[in-house]
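I opened the model to go through a few contacts one at a time. My notes follow in the order of looking.

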Amino acid sequence: MSRLDIKLASRYMRSRRSSRLVSLITLIATGGVTVGVGALIVVMGVMNGLQTELREKILVATPHLRISTFGRGIILPDWERVRDSVAVHPEVVAVAPFVLTQGLFSAGADYHEGAYVLGIDPDTGAAATTSLASYFLDGNLSFETTKDVDGAIILGRRLGERMIAYPGDTITVLSPMGAKFNPATGTLAPKYWVFEVTGHFETGMFEYDNAYAVISLETAQEFAHLGSAVSGLEVRLRDLWDAHRVGQEIAEQLGYPIRVMDWQSQNASLFSALELEKLAMGTVLLLIVVVAAFNIVSTLTMVVRDKTREIGILRAMGMSTRTVRRAFIFQGAFIGVVGTSLGTVLGLLLARFVDSRQLIDLNPSVYFVDHLPVLVDPLDLLIIVVASVLVATVATIYPARQAAILNPVDAIRYE
């Protein structure tokens, strides 16, 4: 760009009495780009925030890898051997057994509810495979009781509130396993367990807080009637994004019937849906910028018609077609840059405001989180800015070409 190109473009963008309408359309085009870019930044931030928030909540109680077996039983009898074999992998940080089963909870004669019972090793140090223990509101993994009961239990906050069960209270849990035949009635008599509530946890993930309870691994083995076996092993890796690759390596190493599931595969449908929704929303909102680009085309077209005689005089005085073309391209690009800059500032401020104030509440039973998180990804921001400026610049090609090919004689005679 030469100084003449810039001077000519800036002159044509100034508001003059004879071109007030053109200046108004220029403002409208700039505002369209601003609104489009701002909306695109906020929506992309919302989708990134949901993905990040859900991933963090899921990984609270979901390990990077979960090792079990194929089959209906899903029982790992020789888990010590498998644990020792997995622990030597260079990417593995911690391996721990777990038991996952279900039970029918009762906090009185009239209230019963089914929930998951998770049995974990009471080791919260370096061997911990998840961060669940750090979300305890009260109690700990010592599972110490003060009453003559079958064991200690820690409830999800929502589950505890519905059952009106607080630390020190006792609840009854019906085990689906270990039922004994009653010859008097000719039916199976289920086994009832009495637990003392020693604490609550709140992860922020609705599914965990609403339907999970934690007991010690040894008690869970008895509760699920597994003997010395466990449901499987939980594995924590150095890098959670390597979970799929490491899982395949461990599965090949252990062989059938060992089954290795990584956290991404377990939640593949959820994250795929979010990615598809992010792509769809981004494409739709990008159309706002495209509409603003049409405004730029109309603005420059009106400028060309309004300045036809001036362009003709400049061409007759020796100005090249390239200089005329660049002047109009610069004018459209300037509208795109200004609109993109304002939209970027507006979008970042709005995203920060919505996220910090947690303005939009969500139903956690549907969306898994209780508010709308917003997280602006620098890469997405860069793509939005570049795409917006590029669209605005491309929109100038047609009117700039029309201005450059004007015949000087016809342009001077133009009325």
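I began at Thr340. Setting aside neighbours within four places in sequence, I found Thr340 in contact with Val33, Val37, Val385, Ser388 and Val389, contact being heavy atoms within 4.5 Å. Thr340 sits in helix H11 (residues 321–357); helices (H or I, at least four residues) and strands (E, at least two) are DSSP runs, numbered from the N terminus. Its relative accessible area is 3%, so I put Thr340 down as buried. For these labels, buried is under 20% relative accessible area, exposed is over 50%, and partly exposed is in between, with a 1.4 Å probe and protein chains only.

Two notes on the source. This is a predicted model, in which local features need pLDDT of at least 70 and side-chain atom pairs count only at pLDDT 80 or more, while totals for chains, interfaces and linings use all residues. Residues are numbered from 1 along each chain as its sequence is written, and side-chain values use heavy atoms, with hydrogens and water left out.

**Whole chain**

I noted 15 helices and 10 strands. The chain has 415 residues, and 45% of them count as buried. Of the contacts with a separation of 6 or more, 78% are between residues 24 or more positions apart.

**Asn48**

Next I looked up Asn48, which lies in helix H2 (residues 20–61). Asn48 has a relative accessible area of 7% and is therefore buried. Leaving out neighbours within four places in sequence, I listed Lys278, Leu375, Asp377 and Asp380 as its contacts. How far apart are Asn48 and Asp377 in sequence and in space? I read 329 residues in sequence and 7.1 Å from C-alpha to C-alpha.

**H3 against H7**

Two packed helices are described by the angle between their axes and the distance between the axes. For helix H3 (residues 79–87) and helix H7 (residues 243–254) I have an angle of about 130 degrees and axes 11 Å apart. The axes are lines fitted to C-alpha atoms over the stretch in contact, and angles run from 0 to 180 degrees between N-to-C directions. H3 and H7 are therefore oblique to each other; under 35 degrees would be roughly parallel, over 145 roughly antiparallel, 65 to 115 roughly perpendicular, and the rest is oblique. On the H3 side the contact is made by Val82, Ser85 and Val86, and on the H7 side by Ile250, Gln253 and Leu254. I sorted these contact residues into four nonpolar, two polar and no charged. In that sorting Ala, Val, Leu, Ile, Met, Phe, Trp, Tyr, Cys and Pro are nonpolar, Asp, Glu, Lys and Arg are charged, and the others, Gly among them, are polar.

**Salt bridges**

I then went through the salt bridges, of which the structure holds nine; each is a side-chain nitrogen of Lys or Arg within 4 Å of a carboxyl oxygen of Asp or Glu. Asp78 pairs with Arg81, with the closest N and O atoms 2.9 Å apart, and Asp78 is partly exposed at 32% relative accessibility. Arg83 pairs with Asp84 at 3.5 Å between the closest N and O atoms. I have Arg83 as partly exposed at 27% and Asp84 as partly exposed at 46%.

I also looked up Glu113 and Arg162, whose side chains meet in a salt bridge at 2.2 Å, N to O. This pair links distant parts of the chain, 49 residues apart, with Glu113 in strand E3 (residues 112–120) and Arg162 in helix H4 (residues 157–163). Glu113 is buried at 17%, whereas Arg162 is partly exposed at 30%. My last entry is a network of salt bridges with shared partners, joining Arg157, Glu161 and Glu202.
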